[in-house]
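The sequence and the structure come first.

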Amino acid sequence: MARLQTFADLIELAREGTRPLDEIFLDEEAAEREVPAERLRQTFLERWAVMKDSVRRGLAGGKSFSGLVGGDAKRVIEFTRGGDIAGGHLVAKAIAYSIAVLEENSRMGVIVAAPTAGAAGMVPGTLLALSEERGIDDAATVRGLVVAGGFGALVAARAELSGAAGGCQAEQGVGAAMAAGGLAFLLGGDSETCVHAAALTLQNTLGLACDPVAGLVEVPCVVRNGFTAMLALAGAQTALAGVRSVIPMDEVVEAMVRIGEAMPRSLKETADGGLAMTPTGCRIRNDLYQIK
Amino acid sequence: MISLLDIVGPVMVGPSSSHTAGACRLSHVALALLEEDPVEARFELHSAFAKTMRGHGTDRALVAGALGMEVDDERIKDALDLARARGIAFTFKPKNMGPEAHPNSVAIHLRGRTRSISILGASIGGGMIEIREVDGFPVSLTARDPCILLFYEDRPGMVMRASEIIGRRGINIASMEVLRRGKGDQAFMRIDLDAPLPHEDVAALRQMPGVHRVHVLDRVAGGAPIT
Ligand code: SF4
């Protein structure tokens with residue numbers, strides 16, 4: 001992607017041509033890998049099928065490895081069916097589906113990392129919720145998925161996407177920003193709007209610590225996917241309404257990297273701080289590993 | 001540029017892309033370098049890798065990779081039992097590799113019937129990996145693209161002869177790295193290729209005088225060809 005290194009490049013490319021964002025990303029990748037863009041689109045369709053299946057398996061329930069999580073996605077969706085919803089079907093589904101993927105992940109089930117396993121929920125969760133609520137077919141939804149992937153790749157060019165290197169902002173923050181870009185695209189946003197959706201979302205996750213209880217990708221990770229999915233919806237909603245991120249996306253990414261560097265190691269996946277070191281967090285860890 | 005398919009991917013078993021999928025790929029690379037079935041696997045884990053090993057299934061994933069499993073293999077969760085059933089001994093030890101080391105670093109030592117291999121690698125996020133040492137030689141390998149590793153005796157003409165064999169096949173060398181312990185001592189060559197090298201050429205490399213061993217890494221860590 002010689003000409004496509006930053007979000008600024010992307011906006012430039014989108015401005016000068018007639019290609020929509022998904023085509024720009026697929027063309028760049030196709031050139032790099034020397035494969036036809038249509039073949040890549042097919043691979044994305046296959047991955048989308050695995051993503052949808054992971055939501056379905058996740059909703060079926062079952063406890064995690066440790067027994068700490070499981071069943072929450074089902075709880076949210078069943079509550080919604082009862083009609084008691086604070087936020088509409090789209091919101092409820094986005095939360096439930098995002099959590100479902102992570103519950104499946106916590107059972108060592110098959111998922112698609114997006115961008116990581118711990119943050120695998122919000123991209124499929126929000127896109128599937130939107131596609132169901134708006135009757136968008138798979139072929140069209142996958143275009144949003146490509147945009148989400150392209151956004152993630154642009155962030156990954158500058159930042160390592162792992163809790164160990166950058167805290168949870170670098171996993172779920174980026175996942176939510178990807179989802180926001182994909183959602184805005186599916187809802188008809190132009191390229192600048194899509195980038196603003198991502199920027200608004202990412203900047204509102206800055207500083208998010210990675211503090212998994214007992215070192216498991218369970219608490220807070222599983223439920224957090226439902227919450228960061230909400231940020232993605234908010235990012236798309238506000239950007240489509242014309243709200244603009246004062247700080248450009250490329251600079252938000254830089255800020256994320258610097259915050260990640262400044263974060264103490266105890267808040268970067270070592271399970272040595274934050275929620276992991278609360279009295280309850282410690283008790284759970286001790287029970288699990290039989291530490292006296 | 002990082003591939004979109006690395007971002008929306010890999011398709012993998014949970015729970016962690018760096019601690020499960022990345023770990024599996026790291027020891028899969030070690031297995032590819034060993035080129036025979038392991039009888040013993042020793043893992044030394046640094047920092048975050050050591051701290052959250054059991055919770056992330058890193059132990060199972062490391063062993064799974066050494067058994068040759070891919071990241072989406074549903075048997076990863078049973079890898080420890082499978083290894084025991086095959087009589088493969090495995091151990092895990094925490095090891096402080098210093099403040100410079102990537103928090104998700106692991107040293108993998110595999111022993112087969114006739115040879116052993118040691119690598120040092122790191123899982124750098126989203127299931128992507130980097131190998132930083134092979135048998136003590138500092139390298140930088142992602143194991144995504146086709147790559148050849150040569151261990152040989154330091155003597156004149158080796159680089160030329162190796163590139164001749166590859167060039168004859170019309171395969172482009174993307175990049176290359178040459179290192180040696182000392183003049184006339186053991187040397188090491190890493191050759192990144194744009195396409196995999198056919199077996200007979202690998203055999204020709206192996207027959208070059210002064211060559212101790214030749215390893216082939218062909219997209220072990222993802223980057224699978226899309227055709
Ligand atoms: S808290 Fe840490 S382990 Fe959990 S999802 Fe966030 S970055 Fe991943």
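1. What share of the 292 residues in chain A is buried? Buried residues make up 58% of them. Buried means under 20% relative accessible area, exposed over 50%, and partly exposed in between, with a 1.4 Å probe and protein chains only.

2. A word on the basis. This is a predicted model: local features need pLDDT of at least 70, side-chain atom pairs count only at pLDDT 80 or more, and totals for chains, interfaces and linings use all residues. Residues are numbered from 1 along each chain as its sequence is written, chains are lettered from A and ligands numbered from 1 in the order in which they are written, and side-chain values use heavy atoms, with hydrogens and water left out.

3. Chain A has 13 helices and one strand. Its order along the sequence is α-α-α-α-α-β-α-α-α-α-α-α-α-α. Helices (H or I, at least four residues) and strands (E, at least two) are DSSP runs, numbered from the N terminus.

4. The C-alpha trace of chain A spans about 65 × 45 × 40 Å along its principal axes. Of the contacts in chain A with a separation of 6 or more, 75% are between residues 24 or more positions apart. Contact means heavy atoms within 4.5 Å.

5. Chain B contains seven helices and eleven strands. Its radius of gyration is 17 Å, close to the 17 Å that the globule rule gives for 227 residues, so chain B is as compact as a globular protein of that length. Its C-alpha atoms fill a box of roughly 50 × 40 × 35 Å along the principal axes. Of its 227 residues, 56% count as buried.

6. Now the ligand. Which residues are around the ligand? They are A:Gly118, A:Gly163, A:Cys168, A:Glu171, A:Gln172, A:Cys210, A:Asp211, A:Cys221 and A:Arg224. The cut-off is a heavy atom within 4 Å. By class, this shell has three nonpolar, three polar and three charged residues. Ala, Val, Leu, Ile, Met, Phe, Trp, Tyr, Cys and Pro count as nonpolar, Asp, Glu, Lys and Arg as charged, and the others, Gly among them, as polar.

7. A:Arg224 belongs to that shell. Helix H11 of chain A holds A:Arg224. A:Arg224 is buried, at 16% relative accessible area. Leaving out residues up to four places away in sequence, A:Arg224 touches A:Cys168, A:Gln172, A:Leu208, A:Ala209 and A:Asp211. A:Ile99 is 125 residues from A:Arg224 in sequence, yet 7.8 Å away in space, C-alpha to C-alpha.

8. Check two cis peptide bonds. One joins A:Ala114 and A:Pro115, with omega about 5°. A:Pro115 lies in the loop between strand S1 (110-112) and helix H6 (122-134) of chain A. The other runs from A:Val219 to A:Pro220, with omega near 10°. A:Pro220 sits in the loop between helix H10 (191-203) and helix H11 (221-240).

9. Check the backbone in chain B too. B:Glu35, not a glycine, has a positive phi near 60°. B:Glu35 lies in the loop between helix H2 (17-34) and strand S2 (38-45). At 31% relative accessibility, B:Glu35 counts as partly exposed. B:Ala143 also has a positive phi, near 60°. The loop between strand S7 (137-141) and strand S8 (147-153) holds B:Ala143. At 4% relative accessibility, B:Ala143 counts as buried.

Notes
Rg over C-alpha atoms; globule rule 2.2 N^0.38 Å.
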